[in-house]
Amino acid sequence: MTRTPSAARRTARSHPPRFSLPRTFALLPITAVMLAACGGSDDDNTGTPDTPAPPALVQNAQTCAALGGTAIPASAIGEPTTGAVVTSASLVGAVPQTLNAAGTGVTTALPEYCRVLIDIKPVDSSAPLIKAQVNLPTTWNGKSMQLGGSGYNGSLVTGLGGEANQPPSGQVPLMRGYVTLGTDSGHQNASGVEQFAFALNDEALTNFAYASYKKARDVSVHMMTRYYGKAASKAYYMGGSEGGREGMMMAQRYPQDYDGILSLYPVLNWSGLQTFGNNVGGILQKDPGAWLGTKVKLINDTVLAACDALDGITDRVVSNYMGCKAPADAALAALRCPSGNDEGPSCLSTAQLAVVNAAHTGYTFSFPLANGVTAYPGFGYGNEANPANWPQWMTGTVPPTFTAAPNPAGIGNLFNYGNGYVRYFIAKDPNFNPLTYNPTNFRARVEQVSALMDATNPDLSAFRARGGKLILRENVSDTAQSPFAGLRYFDSVNARMGEANVATFMRTYVTPGIGHTGSEVPAGTVEAPAYGIPGAIDWVSILEKWVEGGQAPADQLVQTIEQRVPPFTVTASKPLCRYPLYPKYVGTSPAGGNLASNYVCSAS
């Protein structure tokens with residue numbers, strides 16, 4: 001009987017491909033772990049009385065090792081390459097959760113899995129390889145989780161970790177049964193070479209911008225199909241900072257590839273941030289009379305005096321982030337030294353006040369970047385004196401200077417990252433003086449890089465149409481990047497698609513009082529109350545419930561601080577509010593400030 005094309009396709013879907021294994025594999029005892037059911041799709045291999053299910057694939061050290069040397073054709077990868085090859089495949093034994101040597105925390109538990117290392121080959125022979133790692137758990141939940149990178153990348157994201165806001169009691173995605181994967185974004189950091197140097201190669205720059213993450217995703221699909229006989233039923237992307245930008249870029253450029261994306265404090269307006277960082281971290285502070293130095297605590301104390309109580313409780317946390325600007329700006333303006341010169345630790349010179357104002361105002365371009373964006377917003381208020389905030393990002397330990405590459409030691413990270421962008425991405429000259437940079441003089445190149453790098457396209461209609469779900473989180477005291485860049489982006493998505501449509505697939509949340517990574521703040525530091533600032537939340541479960549169960553996240557979630565050893569007792573909690581709400585204290589005693597039940601998410 002002649003089979004119709006549609007019948008052939010149905011048969012192909014109901015039977016995963018069978019792979020030819022060495023004869024010795026056929027003699028192995030049946031010790032395989034059966035594939036996890038993936039829920040009602042044509043790929044469920046349950047079989048029928050007339051068409052029995054194919055035999056389960058064996059997963060063990062030999063079948064894992066057999067993946068070594070696997071060649072992946074360029075045709076299997078959705079962005080230009082000359083193919084890929086598995087350089088190593090080995091079965092890694094399970095690791096239980098144990099206390100660390102000091103007894104202050106636990107090691108991460110991991111299951112048995114097949115660790116696959118892959119080289120993805122460039123088209124340009126002078127471009128570096130893309131390194132990728134795919135972890136194939138022996139007990140698979142049928143899903144995949146891609147993890148994003150950080151900074152300028154250049155080191156392999158192994159996929160063995162979780163996300164920064166995971167509570168100590170949580171399990172990393174691999175332990176949950178996910179296939180996990182990551183990449184170095186297509187270049188490898190090397191001693192003695194500035195981390196930005198890869199951008200001089202056009203293919204390496206495109207890989208860093210977006211293509212490497214797509215390529216890593218596609219080779220992971222190939223490896224899942226080889227190892228399990230099928231691809232993942234659900235695919236997720238999770239990342240923070242640069243990794244958050246990557247996730248948002250995937251929603252914009254490859255909307256069919258991912259079911260759920262978690263984008264934490266993402267660097268969406270990447271070109272804007274680097275220009276702003278070079279300006280406020282370098283150009284405006286280059287003179288010793290303008291450098292803020294040790295005056296960050298003065299700024300922090302002034303902001304707290306103006307804004308701390310606006311949320312109903314005085315706890316050294318600025319929670320009413322929308323209401324703080326006017327009173328904080330007025331209080332900071334009053335710090336101007338009478339002469340305009342630096343007169344000591346209790347006032348700001350005119351030049352120093354200009355830096356503070358620029359930090360809160362942002363940067364405006366004389367021409368539009370990608371998607372019509374013309375400005376980068378400034379920082380929020382509060383938490384400035386945290387050593388991981390303004391001292392690390394804004395001021396550094398020395399005033400910004402530049403004579404020739406590499407960057408001098410001790411300069412603030414905003415200037416370090418920003419001037420790397422100026423020299424390597426824009427001027428294409430490592431020795432170009434970034435303290436003289438004006439984007440207008442390099443308009444064509446700025447526009448070209450912005451089109452590659454910036455994840456600011458507000459049209460997410462294709463992602464919504466395929467049923468994708470997206471969660472964005474910003475931390476208001478973030479000074480590695482402006483949280484308001486993400487909030488402005490969310491506003492632009494609402495303006496483009498309509499709030500009712502956006503509410504069906506996207507949620508945005510804001511955490512006050514926490515810096516860039518959202519990690520918990522130790523008790524006793526200048527920006528924290530006695531109980532610390534809660535920041536941990538199980539985002540993976542929240543996103544899973546939305547994608548797989550249709551349960552949209554609530555307007556008010558709860559973030560916690562847990563003890564870092566079992567039984568992981570919760571010692572503090574606070575609401576995590578959907579933008580533009582903030583946690584308003586309605587309790588009757590300041591002692592209740594560490595309980596989420598004493599707050600409501602409020603707009604006023």
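Student: How many helices and strands does the protein have?

Tutor: The protein has 16 helices and 16 strands. Keep in mind that this is a predicted model.

Student: OK. What share of the residues count as buried?

Tutor: Of the 604 residues, 55% count as buried. As for contacts between residues with a separation of 6 or more, 70% of them come from residues 24 or more positions apart.

Student: Now the cysteines. How many disulfides does a search of the whole structure find?

Tutor: The search turns up 4 disulfides. Counting bonded cysteines along the chain, they follow the pattern 1-2, 3-4, 5-6, 7-8.

Student: Let's take Cys-307 and Cys-324. How far apart are their sulfur atoms?

Tutor: The sulfur atoms of Cys-307 and Cys-324 are 2.1 Å apart, and the two residues form a disulfide.

Student: What span should α7 have, going by its residues?

Tutor: At 1.5 Å a residue, the 12 residues of α7 should span 16 Å, and the end C-alpha atoms are 16 Å apart, which agrees.

Student: Back to disulfides. Where are Cys-337 and Cys-347?

Tutor: Cys-337 and Cys-347 form a disulfide with sulfur atoms 2.0 Å apart. Both residues lie in the loop between α8 and α9, 10 residues apart. The link is right-handed, with 95 degrees about the S-S bond, and both Cys-337 and Cys-347 are buried.

Student: What about the handedness of the link between Cys-577 and Cys-601?

Tutor: That link of Cys-577 and Cys-601 is left-handed, with -85 degrees about the S-S bond. The sulfur atoms are 2.1 Å apart.

Student: Why does Cys-601 count as buried?

Tutor: Buried means under 20% relative accessible area, and Cys-601 counts as buried because its value is 16%. Cys-577 counts as buried too, at 0%.

Student: Switching topic to helix packing. At what angle do α6 and α11 pack?

Tutor: Helix α6 (residues 270-281) and helix α11 (residues 413-426) pack at about 115 degrees, with their axes 7 Å apart. The crossing is left-handed.

Student: Which residues make the contact?

Tutor: From α6, they include Trp-270, Leu-273, Gln-274 and Val-280, and from α11, Phe-415, Tyr-417, Tyr-421 and Phe-425 are among them. By class, the contact has 9 nonpolar, 8 polar and no charged residues.

Student: Next one: where does Pro-483 lie?

Tutor: Pro-483 lies in helix α14, residues 483-497. With a relative accessible area of 1%, Pro-483 is buried.

Student: What is Pro-483 in contact with, leaving aside its neighbours within four places in sequence?

Tutor: Pro-483 is in contact with Glu-474, Asn-475, Val-476 and Asp-478. Another pairing to look at is Pro-483 and Pro-377, which are 106 residues apart in sequence and 8.4 Å apart in space, C-alpha to C-alpha.

Student: Last one, Ser-366. Buried or exposed?

Tutor: Ser-366 counts as exposed, at 56% relative accessibility. You'll find Ser-366 in the loop between β9 and β10. Its C-alpha atom is separated by 6.7 Å from that of Thr-440, which is 74 residues away along the chain.

How values were computed. Residues are numbered from 1 along each chain as its sequence is written. This is a predicted model: local features need pLDDT of at least 70, side-chain atom pairs count only at pLDDT 80 or more; totals for chains, interfaces and linings use all residues. Side-chain values use heavy atoms; hydrogens and water are left out. Axes are lines fitted to C-alpha atoms, for helices over the stretch in contact, and angles run from 0 to 180 degrees between N-to-C directions. Helices (H or I, at least four residues) and strands (E, at least two) are DSSP runs, numbered from the N terminus. A crossing is left-handed if the near helix is turned anticlockwise from the far one by less than a right angle, and right-handed if clockwise. Contact means heavy atoms within 4.5 Å. Ala, Val, Leu, Ile, Met, Phe, Trp, Tyr, Cys and Pro count as nonpolar, Asp, Glu, Lys and Arg as charged, and the others, Gly among them, as polar. A disulfide is a pair of cysteine sulfur atoms within 2.5 Å. Buried means under 20% relative accessible area, exposed over 50%, partly exposed in between (1.4 Å probe, protein chains only). The expected span of a helix is 1.5 Å times one less than its number of residues.
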